[in-house]
Amino acid sequence: MAEGHRRLVAVSNRVGPLNDEGKAGGLAVGLSDALKRRGGLWFGWSGNTSSKGTFSEATTEVEGNVAMATIDMSEEELQGFYYGYANRSLWPLLHYRLDLAEFDRQSDRIYRSVNQRFAARLAPMLDDSDLVWMHDYHFFYMGSELRQCGFKGKIGFFLHIPFCSPEIFTALPSSHDIVRAMLAYDVIGFQTDTDRRNFANFCVRELNGQKLPGHRLQVGDRIIVADTFPIGIDAPGYARFAVSPEAGEHEEMVREIAGDRLQIIGVDRMDYSKGLVERFRGFERLLEEYPENRGTVQFLQVAPLSRSELGAYVELRRELEELAGHINGRFATLDWTPLQIMTRGFTRRALAGIYRAARACLVTPLRDGMNLVAKEYIAAQDSDDPGVLILSRFAGAKAELPDALIVNPYSTDDVARAIQRALTMPLDERRRRWETMRDAVFHGTAAHWCDSFLDRLERSGRDEDGPAGE
Ligand code: ADP
Ligand code: G6P
């Protein structure tokens, strides 16, 4: 951390890890890369439940320049806040899955009270000179709660997932309350221009707000900044992971098992937003329509289980296992299994090695805020024999990586064609595409994301921004 910087206080539901443990989730990866560089306090949920819940004592662990302070939730809070409102209402809604979104008063109430209690626990740890940075859909109300506690410093908010169009967001019974509460933030960051515009349009159409120059919004007498800050990875660090001994062992292992076959990889939390069912169907179509691939390609899908208490996730797992069984049953031979699905976690180094061994990586979400797997896959390749990224047009990463093979993940034929093109792409075209994407990934790093957001937060409320902090 450079001298003279204010202390950074980051708040997110999941906290850590800062080390190279396997941990599925882009927020944890992006934020830990950024925090390790700058130092500060990271505050959030311990991952545990206890009878005192959010009234429990905070536990603090210090690793290098980062202190991590966490509190428990009660079982009722976990169910209402995390499984209920955050993951049954907000997650599907913001990912355009109104069909899966459920709304109920009880979880709405608990969500608000958890935001309030997290704010009340954090407030005494703060100094008004701190830069407070809240993360993700778990904490829409927390900035306004922190203001209620008397905090006068700057507060920023970053949404790691999409912000859906106002037509969809207004289906949420508390949509107005949420966006009004968000106006307590000085700067709100989004992954893409589309997300930013959706939010601004909601403010204009639903709250009689006004768009001002410099990506500012005025609602009533409140003026805030709402801008785009695409998250990245620690690209140089990741490229070093990819040539570490642990990566090398995993790369070797995958290559040995593949033999002469071309390896295709997918790495995603097992989540319905990731388009895994559609992806498997696309792979099946490849084997139907381009039979020369039978026996000569294999597809490994790494899909760690996520939120597995929720019905939609249980159903997804059942569907994927059935589909994998169907595809293997249909095409496997004595010495070839076309598709393998694996739910275990890997360290980041091991995963980097697995990426290196793969000729193509399928990143085909139906909606995704950014998708860091796409960036990791690019950072893990080298110019000798780079693999091909197949990327959904609905992933935030598409804005920075247009040289990937862009697909419509809903189109089975489109996905099959892109895989075929990746498998047959000449080396010079693979190199050319990879070099452009590598430049983008090395330019838009986690450090760049963090610095540009915090710089905007520091500047907010000055000059053209008008009054802030009220
Ligand atoms: P999301 O945040 O929705 O999970 P991202 O693609 O942005 O999606 O981030 C996922 C992160 O989780 C990546 O950094 C990826 O490497 C990591 N990850 C996914 N699966 C595993 C796994 N099996 N083991 C370790 N890390 C994983
Ligand atoms: C996405 C979200 C994060 C979340 C992560 C893992 O990356 O943006 O906020 O932490 O998924 O999900 P989980 O529910 O296990 O925290």
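The legends below describe several close-up views of a predicted model.

Residues are numbered from 1 along each chain as its sequence is written, while chains are lettered from A and ligands numbered from 1 in the order in which they are written. Because the model is predicted, local features need pLDDT of at least 70 and side-chain atom pairs count only at pLDDT 80 or more, whereas totals for chains, interfaces and linings use all residues.

**View 1. The protein chain as a whole, with 16 helices and 16 strands.**
Helices (H or I, at least four residues) and strands (E, at least two) are DSSP runs, numbered from the N terminus. The radius of gyration, taken over C-alpha atoms, is 22 Å, close to the 23 Å that the globule rule gives for 470 residues, so the protein chain is as compact as a globular protein of that length; the rule itself is 2.2 Å times the number of residues to the power 0.38. Along the principal axes, the C-alpha atoms fill a box of roughly 65 × 45 × 45 Å. Of the 470 residues, 49% count as buried, a term that requires 20 or more other C-beta atoms within 10 Å of the residue's own, with exposed meaning 12 or fewer, partly exposed meaning in between, and C-beta atoms placed from the backbone. Among the contacts with a separation of 6 or more, 77% come from residues 24 or more positions apart, a contact being two residues whose C-beta atoms, placed from the backbone, lie within 7 Å.

**View 2. The open sheet of ten strands, in the order 3-4-2-1-5-6-7-10-9-8 and with mixed pairing.**
Strand 3 (59-63) and strand 8 (210-212) stand at the edges with a single partner strand each, so one side of each is left without a neighbour in the sheet. From one strand to the next the twist averages 25 degrees, and two strands are said to pair if DSSP finds at least two bridges between them. Helix 1 (residues 26-38) packs on this sheet, where it touches strand 1 (8-14), strand 2, strand 4 and strand 5 (131-135), and its direction makes about 160 degrees with that of strand 1. For such angles, axes are lines fitted to C-alpha atoms, for helices over the stretch in contact, and the values run from 0 to 180 degrees between N-to-C directions.

**View 3. Parallel neighbours around strand 2 (residues 40-49).**
Strand 2 pairs with strand 4 (residues 66-73) in the parallel sense over seven bridges, and within this pairing leucine 41 has alanine 67 as its bridge partner. Strand 1 also runs parallel to strand 2, joined to it by five bridges. Tryptophan 45 of strand 2 is the bridge partner of arginine 14, and tryptophan 45 also stands opposite isoleucine 71 in strand 4.

**View 4. The antiparallel pairings of strand 9 (residues 216-219), with strand 8 and with strand 10 (residues 222-228).**
Strand 8 and strand 9 pair over three bridges, with lysine 211 opposite leucine 217. Their hairpin has three residues between the strands, and glycine 214 takes a positive phi near 75 degrees. Strand 9 and strand 10 pair over four bridges, with arginine 216 opposite valine 225; two residues lie between them in a hairpin whose turn holds glycine 220, with a positive phi of about 60 degrees.

**View 5. The residues around ligand 2.**
The shell consists of Asn13, Arg14, Gly25, Gly26, Leu27, Asp136, His160, Ile161, Ser306 and Arg307, where a residue is near a molecule if its C-beta atom, placed from the backbone, lies within 6 Å of it. Strand 1 and helix 1 each supply at least two residues of this shell.

**View 6. The open sheet of six strands, in the order 13-12-11-14-15-16 and with parallel pairing.**
Strand 13 (339-342) and strand 16 (405-407) stand at the edges, each with a single partner strand, so one side of each is left without a neighbour in the sheet. Strand 11 (residues 262-267) and strand 12 (residues 297-302) pair over six bridges, with glutamine 263 opposite glutamine 298. Helix 13 (residues 372-380) packs on the sheet and touches strand 11, strand 14 (360-363) and strand 15 (388-392), its direction making about 170 degrees with that of strand 15.

**View 7. Phenylalanine 280 in helix 10 (residues 276-289).**
Phenylalanine 280 counts as buried because it has 25 C-beta neighbours inside 10 Å. Leaving aside its neighbours within four places in sequence, phenylalanine 280 is in contact with Leu320, Leu323, Ala324, Ile327 and Leu339.
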